[in-house]
Amino acid sequence: MVLRGPAATLAGNPFEQPSRGCLVTHDDALVVIEDGIITAFGPHAELRDTLPGGVDIVHYPDHLLVPGFIDAHVHYPQMQMIGAFGAQLLEWLETYTFPAEMSFADAGHAQRVAQLFLRELLRAGTTTAMVYCTVHPHSVDAFFTEAARFDARMIAGKVLMDRNAPLGLLDTAQRGYDESLALIDRWHGRGRALYCVTPRFAPTSTEAQLDAAGALLKTRDGLFLQTHLCENPGEVEWVRELFPARSSYLDVYAHAGLMGPRSMFGHGVHLHEGDFCTCHQSGAALAHCPTSNLFLGSGLFRLFEAVDPRRPVKVGLGTDVGGGTSLSQLQTLNEAYKVAALTGHKLDAVQGFYLATLGGARALGLEDRLGRLAPGMEADICVLDPKATPLMAFRAGYCASIEEMLFLLMTLGDDRAVRATYVAGRCVYDRERTGDPFVPVLPREE
Ligand code: GUN
Ligand code: ZN
């Protein structure tokens with residue numbers, strides 16, 4: 001299979017080098033795909049004579065081929081309370097989040113929501129996400145089962161909570177360990193599934209449970225860790241009270257052995273210089289979740305401080321639905337631009353697309369297979385439509401360069417600007433398809 005059309009991909013880190021040199025673009029490119037892997041990428045004029053006769057070419061002349069987006073932090077069980085009015089983090093969790101997650105005691109509900117969630121990700125052009133399930137092990141089964149139907153590279157795990165949450169959402173240190181290990185054995189490395197040990201955040205885990213999470217990480221190669229960190233001032237203060245022996249919020253996690261190159265800490269809005277150094281030294285990454293941090297009034301993430309080349313911290317872009325208000329990485333970049341502006345910086349289009357693609361892959365330690373259009377990469381591709389709405393079509397007429405077009409997409413774009421999504425080389429979503437625009441690659445097992 002071969003895709004043809006204008007294309008853009010990152011080749012370097014625009015937070016460390018001038019942006020212009022980090023972007024590779026072709027006005028008319030070919031992406032050659034075999035067995036789900038990109039085998040060639042370059043100008044049509046150079047590659048067309050290398051193609052075997054009779055090969056299937058799908059042509060998107062008025063679109064833009066980019067790597068599939070990577071969402072570094074999202075909660076699939078929270079779709080039913082996205083956009084809940086009026087509260088900051090801790091009250092929001094009690095009032096809206098925990099009741100929503102309680103409804104996942106019903107495995108049928110988990111399955112229905114997982115189906116909707118996967119489709120909404122693909123509709124937004126997102127092909128990989130790092131996902132929180134609920135405390136219920138079957139919420140993980142529901143998620144990975146649905147992801148497998150699209151052959152999507154997904155990272156997810158069962159939430160661990162053994163205190164400060166409703167009884168119906170609590171496990172224990174031992175039970176959480178045992179259930180997680182069973183899920184790791186069932187899912188980690190099966191197809192494209194990867195398992196993520198998922199203590200929700202320090203206030204809902206005892207020290208014993210955080211230690212158990214650290215022990216889980218050592219049980220198999222390539223496991224991930226995700227949790228929340230320094231999102232909201234009230235939360236930071238609560239952690240100080242709950243863990244008086246620790247020198248900082250991040251030290252709680254470091255003490256439990258949770259820092260490493262596949263660790264992803266959500267938010268990090270209220271971090272200090274020493275915390276950035278700890279993340280840099282351990283290779284741990286932060287998930288920048290601007291729509292959530294604005295919606296919940298949590299604060300402004302200091303992206304340009306985090307990625308300071310003197311001790312760069314890896315940063316991915318997270319939607320954090322349902323604290324976040326959109327599953328679209330384009331809308332998330334729109335808000336990331338404004339957060340940067342409010343902290344005295346300008347996030348250019350190349351930097352924005354880096355966060356949503358190659359930067360996200362690097363933050364997850366998956367840059368050897370995700371995040372770029374290049375030979376050897378898994379063929380997860382988003383086909384963007386820069387003229388998706390009448391306003392975008394009009395504005396596009398005044399764009400003089402591909403960078404300007406990318407900036408238009410990240411400012412005005414959302415799921416309407418995604419024409420099609422390819423996962424492992426197969427078109428699993430096409431906006432223009434009559435009937436159901438989604439085509440799973442595996443039938444549902446009844
Ligand atoms: N901190 C602990 N749990 C959550 C959650 O579900 N969402 C967000 N945004 N922050 C959290
Ligand atoms: Zn979150």
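# Ligand 1 and selected residues in a predicted model

A polar side-chain atom of Glu-231 lies 2.7 Å from a nitrogen atom of ligand 1. The protein covers 100% of the 280 Å² of accessible area that ligand 1 has on its own (Shrake-Rupley method, 1.4 Å probe; for residues, only the protein chains shown count as cover). This is a predicted model, in which local features need pLDDT of at least 70 and side-chain atom pairs count only at pLDDT 80 or more, while totals for chains, interfaces and linings use all residues. Residues are numbered from 1 along each chain as its sequence is written, chains are lettered from A and ligands numbered from 1 in the order in which they are written, and side-chain values use heavy atoms, with hydrogens and water left out.

**Ligand 1 and its surroundings**

- Ligand 1 is surrounded by His-75, Gln-78, Leu-89, Trp-92, Leu-93, Arg-200, Phe-201, His-228, Glu-231, His-267 and Asp-320 (a residue is near a molecule or strand if one of its heavy atoms lies within 4 Å of it).
- Helix H2, residues 89-102, gives the largest share of this shell, three residues (helices are DSSP runs of H or I with at least four residues, strands are E runs with at least two, and both are numbered from the N terminus).
- Asp-320 has a polar side-chain atom 2.7 Å from a nitrogen atom of ligand 1.
- Gln-78 has a polar side-chain atom 2.8 Å from an oxygen atom of ligand 1.
- The space taken by ligand 1 is the largest cavity (on a 1 Å grid over the protein atoms alone, a cavity is a set of points where a 1.4 Å probe fits but cannot get out; a molecule sits in a cavity if more than half of its atoms lie within 2 Å of its grid points).

**Backbone features**

- His-267, one of the residues around ligand 1, has a positive phi of about 85 degrees although it is not a glycine.
- His-267 is placed in strand E12, residues 263-267, and is buried, with a relative accessible area of 0% (buried means under 20%, exposed over 50%, partly exposed in between, with a 1.4 Å probe and protein chains only).
- Asp-151 is not a glycine either, and has a positive phi of about 55 degrees.
- Asp-151 is found in the loop between helix H4 (137-149) and strand E8 (154-157), and counts as partly exposed at 22% relative accessibility.
- Val-321 and Gly-322 are joined by a cis peptide bond, with omega about 5 degrees.
- Gly-322 is in the loop between strand E14 (314-317) and helix H12 (329-342).

- Arg-192 lies in the loop between helix H5 (173-187) and strand E10 (193-199), and it counts as buried because its relative accessibility is 9%.
- The side chain of Arg-192 makes a polar contact of 2.8 Å with the side chain of Asp-380 (a pair of N or O atoms within 3.5 Å; within protein, one must be able to donate a hydrogen and the other to accept it, and residues adjacent in sequence count only if both atoms are side-chain atoms).
- Beyond four places in sequence, Arg-192 touches residues including Asp-151, Ala-152, Met-154, Glu-378 and Asp-380 (contact means heavy atoms within 4.5 Å).
- Ala-147 is in helix H4 and counts as buried at 3% relative accessibility.
- Leaving aside neighbours within four places in sequence, Ala-147 is in contact with Leu-118, Ala-152 and Met-154.
- Ala-147 and Ala-193 are 46 residues apart along the chain, with their C-alpha atoms separated by 7.9 Å.

- Leu-65 lies in strand E5, residues 64-67, and is buried, with a relative accessible area of 0%.
- Tyr-177 is found in helix H5 and is partly exposed, with a relative accessible area of 22%.
- Apart from neighbours within four places in sequence, Tyr-177 is in contact with Thr-172, Ala-212, Ala-215, Leu-216 and Thr-219.
- Tyr-177 and Ala-215 are 38 residues apart in sequence and 8.6 Å apart in space, C-alpha to C-alpha.
- Pro-233 lies in helix H7, residues 233-242, and is partly exposed, with a relative accessible area of 47%.
- Not counting residues up to four places away in sequence, Pro-233 touches His-270 and Ser-298.

Technical notes
1 Å grid on protein atoms, 1.4 Å probe; cavity = no way out; pocket = protein on both sides within 12 Å on 5 of 7 lines; lining within 4 Å.
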